[in-house]
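I opened this entry to record what I looked up in the structure, taking the helices first, then the sheets, then the chain contacts.

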Amino acid sequence: MGSLKIGKMIMRSLGRKPATLMYPVIPREWKERTRGHISIDMGTCILCGICGKKCPTDAITVDRDAKTWSIKRMQCIQCSCCVEVCPKKCLVNEATYTTPAVYKIVDTFEKPDNPEADSAGGSLKCDDTCVFCGICAKKCPQAAITVVREDKKWEVDDDKCTRCGLCIEGCPKKSLKIE
Amino acid sequence: MAKRTVIPFGPQHPVLPEPIHLDLVIEDETVVEAIPSIGFIHRGLEKLVEKNEWPEMVYVIERVCGICSFGHGWGYCKSVEGNLGVTVPLRAEYLRTIWHELGRIHSHLLWLGLLADAFGFESLFMHSWRLREKVLDMFEETTGGRVIFSVCKVGGVRKDVSDEKLAEISAELNGMIPELKELTDVFIEDMSVKNRLTGVGVLSKEEVTELCAVGPVARASGVASDVRLDGHGAYAELGFEPCVEQDGDSMARCKVRIKELFQSIELIEKAAKSIPEGDIDVKVKGNPSGEFVGRMEQPRGEAYYYSKGNGSKFLERIRVRTPTNANIPALVKMLQGCDLADVPVLVLTIDPCISCTER
């Protein structure tokens, strides 16, 4: 038993720098894996909308007509779910936090016009090895594929299709390709 | 007989980080009865299972609590994995165990700080939290988050940690031991702390068993109950023995948590040395269609995770029973007959987490 057992610790603290940091005046050191904020490379993005559908907090909105991708910064929980599901890997969770704000920030990014790249995408084709299992239709985030097993019918709506490639990955017979 | 008075304690009280309300019936300065009431921060997280697909629900479940968030994520995954009959790779189980034990260290350090704050020892509170900060940095380095980690998923974990990094973390934790020892010695040996904790809020072994208390509250009264004994995760390989004290008072509850701090460092060291190579996740196919209950030993005690699936992407029901919920009857019992001045310390000794309790 004793009193002032913490004495040594306190004396050492007197000669030490504070354990806290005057953030954000003094910038902090970011760890390599820190999940700070989501950033997007709009040049690679195909506006498939999977990130928006999978987002647990509905923070991401993808508008295919206006060719925009927007994120509600205050709603995003930095879970990296969108980064994982993105088929083109154009989303990155960067280490730095966004600046503090007094209103709810919505960041909108526009897809740059690049007609050559758009037309070079080709369209989805299915060859005769297809067994009409319908997995591609289930996988399609835009519901662009229609499969009717009885009539042996396979159809794709080119306007809806984003060429994300999820159907190609899921096809058990490897019958699908973009050309 | 002295006049009886009812004093409301909480939901807003300097000692309570989260809202619980107690009606204290007192005679002079002695508490005769305590009537608890909760329901101030119910968020309806269990109901969200109807809107979120089961793989995404783990992000919600992690947010049940900001302190034991990794354990909650693991408990949910364990329940759904049991439902689907998935076997998780051993490397993932080791990583989960390491993160869970790191979570225990940071939770116990937080609790020690809060306890010091409850009996008015401000500098002890600051030093406990200073050491806790180092553990949060380790979490950030390995998972990317300081409080919410988002690394646990059904079928394994999302991020791998290299063996070198694990050895580094283990060495850093071992380097913290002298400072931790110095800090915890203040709790065990300082006279002013002893005066506030020794012999206060005694619970006997029989009372603990009868009231179904869990976690450090039960272990401080000599009941060696710990879910980690069933060997989930990597605990079977690491060889685990629960920390038990016999006195049943506030000091015993403090000692159990202090022992667990050092035990967790040991477990992490063992796990970092013996972690096997291999995959960190398995591909999960299908949707859950049965019922399953998973149990976890959270820093505060035993927690239950029940999941019921109907073959669709949305689970039908999730139920979480948290350790604070189980410890409230024990708290009410230990408050009977205590001094009014000891109430804040006694409420703190069960390590109450009301957000967990109400979800």
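Before reading any helix pair I noted the convention I rely on: axes are lines fitted to C-alpha atoms, for helices over the stretch in contact, and angles run from 0 to 180 degrees between N-to-C directions. I also kept in mind that this is a predicted model.

**Helix pair in chain B**

I looked up helix H3 (residues 90-118) of chain B against helix H10 (residues 250-274) of chain B, and found that they pack at an angle of about 155°, with their axes 9 Å apart. Angles over 145 degrees count as roughly antiparallel, and H3(B) and H10(B) are therefore roughly antiparallel to each other. I noted their crossing as left-handed. On the H3(B) side the contact includes Tyr94(B), Ile98(B), Leu102(B), Ile105(B), Trp111(B) and Leu115(B), while H10(B) contributes residues among them Cys254(B), Leu261(B), Ile265(B), Ile268(B) and Ala272(B). Sorting the residues of this contact by class, I wrote down 14 nonpolar, 3 polar and 4 charged.

**Sheet E1-E2-E3 of chain B**

I then turned to the open sheet of 3 strands in the order E1-E2-E3 of chain B, where the pairing is antiparallel. Strand E1 (4-9) and strand E3 (30-37) of chain B each have a single partner strand and stand at the edges, so one side of each is left without a neighbour in the sheet. From one strand to the next, the twist averages 20°. I traced 6 bridges joining E1(B) to strand E2 (residues 21-27) of chain B, and within this pairing Thr5(B) has Ile26(B) as its bridge partner, whereas Arg4(B) has Glu27(B). E2(B) is joined to E3(B) by 7 bridges, again running antiparallel, and Glu27(B) has Thr30(B) as its bridge partner in E3(B). The hairpin of E2(B) and E3(B) has 2 residues between the strands, and I noted that Asp28(B) takes a positive phi near 55° there.

**Sheet E6-E7-E8 of chain B**

The next item was an open sheet of 3 strands in chain B, ordered E6-E7-E8 and paired in the antiparallel sense. Its edges are strand E6 (291-298) and strand E8 (317-321) of chain B, each with a single partner strand, so one side of each is left without a neighbour in the sheet. Direction ignored, neighbouring strands here are turned by 15° against each other on average. I found 8 bridges between E6(B) and strand E7 (residues 301-308) of chain B, with Glu291(B) standing opposite Lys308(B) in E7(B). Helix H2 (residues 69-84) of chain B packs on this sheet, touching E6 and E7 of chain B, and its direction makes about 150° with that of E6(B). Helix H11 (residues 323-335) of chain B lies across E6, E7 and E8 of chain B, and runs at about 130° to E7(B).

Last, I looked up the interface, where 18 residues of chain A are in contact with 23 residues of chain B. The chain A side that touches chain B has 9 nonpolar, 4 polar and 5 charged residues.

Notes: Residues are numbered from 1 along each chain as its sequence is written. Chains are lettered from A and ligands numbered from 1 in the order in which they are written. This is a predicted model: local features need pLDDT of at least 70, side-chain atom pairs count only at pLDDT 80 or more; totals for chains, interfaces and linings use all residues. Two residues are in contact if their C-beta atoms, placed from the backbone, lie within 7 Å. Ala, Val, Leu, Ile, Met, Phe, Trp, Tyr, Cys and Pro count as nonpolar, Asp, Glu, Lys and Arg as charged, and the others, Gly among them, as polar. Helices (H or I, at least four residues) and strands (E, at least two) are DSSP runs, numbered from the N terminus. Angles under 35 degrees count as roughly parallel, over 145 as roughly antiparallel, 65 to 115 as roughly perpendicular and the rest as oblique. A crossing is left-handed if the near helix is turned anticlockwise from the far one by less than a right angle, and right-handed if clockwise. Two strands pair if DSSP finds at least two bridges between them.
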